[in-house]
Amino acid sequence: MRILSGIQPSGALHLGNYFGMMQKMIDYQEQEELFCFIANYHAQTSLSDGKTLATGTLEAAASFLALGLDPEKSIFWVQSDLPEVQELAWLLSNFTPMGLLERCHSYKDKVAQGIKPNHGLFAYPVLMAADILLFQSEKVPVGKDQKQHLEVARDIAIKFNNEYGEVFTLPEPEIDNDVATVPGLDGRKMSKSYGNTIDLFQNDKALRKQVMRIVTDPTPVEEAKNPDNCNLFQIYSLFLDSEGREELRQRYLTPGLRYGDVKQELFEKMRDFFAPFRERREELLAKPDQLREILDFGAEKARRVAFKTMRKVRKKTGLSY
Ligand code: ADP
Ligand code: TRP
């Protein structure tokens, strides 16, 4: 099965990114044909500073590799290293009714938040469709917020195929309901746009500070606590097996538990869990030339697949003459 997904390099990676997307992709590389990329073109819809984008792109790539993505087992590249995707986006835009894009929630939400409604933001789903269709992806793991973009990709592929024959594989979204949304410090979905994240790669002091900011209820120490509506419990559970989770649950149900102690334990657990990844990431970032080589290698593999699609598409549409 060919699986593809991408992540934008538009800020520090957090627990939601790791447990919601990255860990799953890393697991897939063992069994499936995995395509994974850093969506730096997409990040330009929210980021205009070139230096920040370039640094963020290298950091996101180093992070993914440090967390276990294997460039030999998967195809891992930076989106802009294959500008072919832009040609496909243009071709697909001729099969994209305006109404389809006008209905997109994510566009409407961003405009409602005050982001300027430019063409890049509007055409974002067409570029995303090109990412997916260029590699004939069969399955695309995404968060709930991206579900509609997958529908757009399918609609565009169907329209194109109706005109030119079976050129594109129709992608299926994979929206994993088991991967519950990771809550943030304040209990809302962890998201960089809410400023409620616990970031994966930061020094101990900053990490401890974020963990200590997790909001808990005011139940006094001497009373039993309810684990089921506690986001500290939920976040801690991400690092526990079912036995550990049950043990923690029992501690909640027994009077005397101090949230501060649980936070300190969680901090130590997270620190130890991510320490080897942090070290590996530093090593990768210390040698940017080697990192670029890894990314070039990935882009080369991706290009071979993209080339096959584009040869067909250019022929069908009359661009090759
Ligand atoms: P953010 O909300 O911080 O901007 P992104 O939208 O860039 O995060 O998310 C990138 C990937 O990480 C997506 O696949 C998304 O589904 C996943 N993800 C982000 N936040 C969470 C979360 N709180 N819980 C589960 N998955 C998440
Ligand atoms: N839009 C996705 C997000 O913000 C990132 C992305 C870009 C993507 N192209 C993609 C995801 C193609 C899956 C497939 O999370």
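Helices (H or I in DSSP, at least four residues) and strands (E, at least two) are DSSP runs that are numbered from the N terminus. The model shown is predicted, and local features need pLDDT of at least 70, side-chain atom pairs count only at pLDDT 80 or more, while totals for chains, interfaces and linings use all residues. Residues are numbered from 1 along each chain as its sequence is written, chains are lettered from A and ligands numbered from 1 in the order in which they are written, and side-chain values use heavy atoms, with hydrogens and water left out.

**View 1. Helix H13 and the glycine that follows.** Helix H13 spans residues 288-317, and Gly318, which follows H13, has a positive phi near 90°. Along H13 the buried residues (buried means under 20% relative accessible area, with a 1.4 Å probe and protein chains only) are Leu291, Leu295, Gly298, Ala299, Lys301, Ala302, Val305, Ala306, Thr309, Met310 and Val313. An α-helix has 3.6 residues a turn, so residues three or four places apart point the same way.

**View 2. The shell around ligand 1.** Ligand 1 is surrounded by 13 residues, each counted if one of its heavy atoms lies within 4 Å of the ligand, and the closest are His14, Val182, Met190, Ser191 and Lys192. Helix H1, which covers residues 15-28, gives the most to this shell, with four residues. By class, the shell around ligand 1 holds four nonpolar, seven polar and two charged residues, where Ala, Val, Leu, Ile, Met, Phe, Trp, Tyr, Cys and Pro count as nonpolar, Asp, Glu, Lys and Arg as charged, and the others, Gly among them, as polar.

**View 3. Polar contacts of ligand 1.** A polar contact here is a pair of N or O atoms within 3.5 Å. A backbone N or O atom of Lys192 lies 2.7 Å from an oxygen atom of ligand 1, and a polar backbone atom of Met190 is 2.9 Å from a nitrogen atom of the ligand. For Lys189, a polar side-chain atom lies 3.4 Å from an oxygen atom of ligand 1. Of the 540 Å² of accessible area that ligand 1 has on its own, the protein covers 85%, with areas taken from the Shrake-Rupley method and a 1.4 Å probe.

View 4. Ligand 2 has 14 residues around it, the closest being Gln8, His42, Tyr124, Asp131 and Gln146. Strand E1 (residues 2-7) and helix H7 each supply at least two residues of this shell, and H7 gives the most, with four residues. The shell around ligand 2 has eight nonpolar, five polar and one charged residues. An N or O atom in the side chain of Asp131 is 2.8 Å from a nitrogen atom of ligand 2, while a polar side-chain atom of Gln146 lies 3.0 Å from a nitrogen atom of the ligand. Gln8 places a polar side-chain atom 3.1 Å from an oxygen atom of ligand 2. The protein covers 88% of the 370 Å² of accessible area that ligand 2 has on its own.

**View 5. The second largest pocket.** A pocket is an open set of points on a 1 Å grid over the protein atoms alone, with protein on both sides within 12 Å along at least five of seven lines, and its lining residues have an atom within 4 Å of a point. The second largest pocket holds about 350 Å³ of space. It is lined by 18 residues, of which His119, Ala123, Tyr124, Val126 and Leu127 are the closest to its centre. Helices H2 (40-43), H4 (84-93), H5 (98-102) and H7 (119-134) each supply at least two residues of the lining, and the largest share, seven residues, comes from H7. The lining of this pocket divides into 10 nonpolar, eight polar and no charged residues.

View 6. A cavity is a set of grid points where a 1.4 Å probe fits but cannot get out, and a volume is the space filled by probe spheres set on the points, which are joined across faces, edges and corners. A search of the whole structure finds one cavity of 30 Å³ or more, and the largest cavity has a volume of about 30 Å³. Phe37, Trp77, Gln79, Leu82, Val85, Asp131 and Phe135 line the largest cavity, a lining of five nonpolar, one polar and one charged residues.

**View 7. Two buried loop residues.** Gln136 lies in the loop between H7 and strand E4 (139-141), and Gln136 has a positive phi of about 50° although it is not a glycine. Gln136 counts as buried because its relative accessibility is 16%. Gly184 lies in the loop between strand E5 (172-174) and helix H9 (204-212), and Gly184 counts as buried because its relative accessibility is 0%. From C-alpha to C-alpha, Gly184 and Thr254 are 25 Å apart in space and 70 residues apart in sequence.

Conventions
A polar contact is a pair of N or O atoms within 3.5 Å; within protein, one must be able to donate a hydrogen and the other to accept it, and residues adjacent in sequence count only if both atoms are side-chain atoms. Buried means under 20% relative accessible area, exposed over 50%, partly exposed in between (1.4 Å probe, protein chains only).
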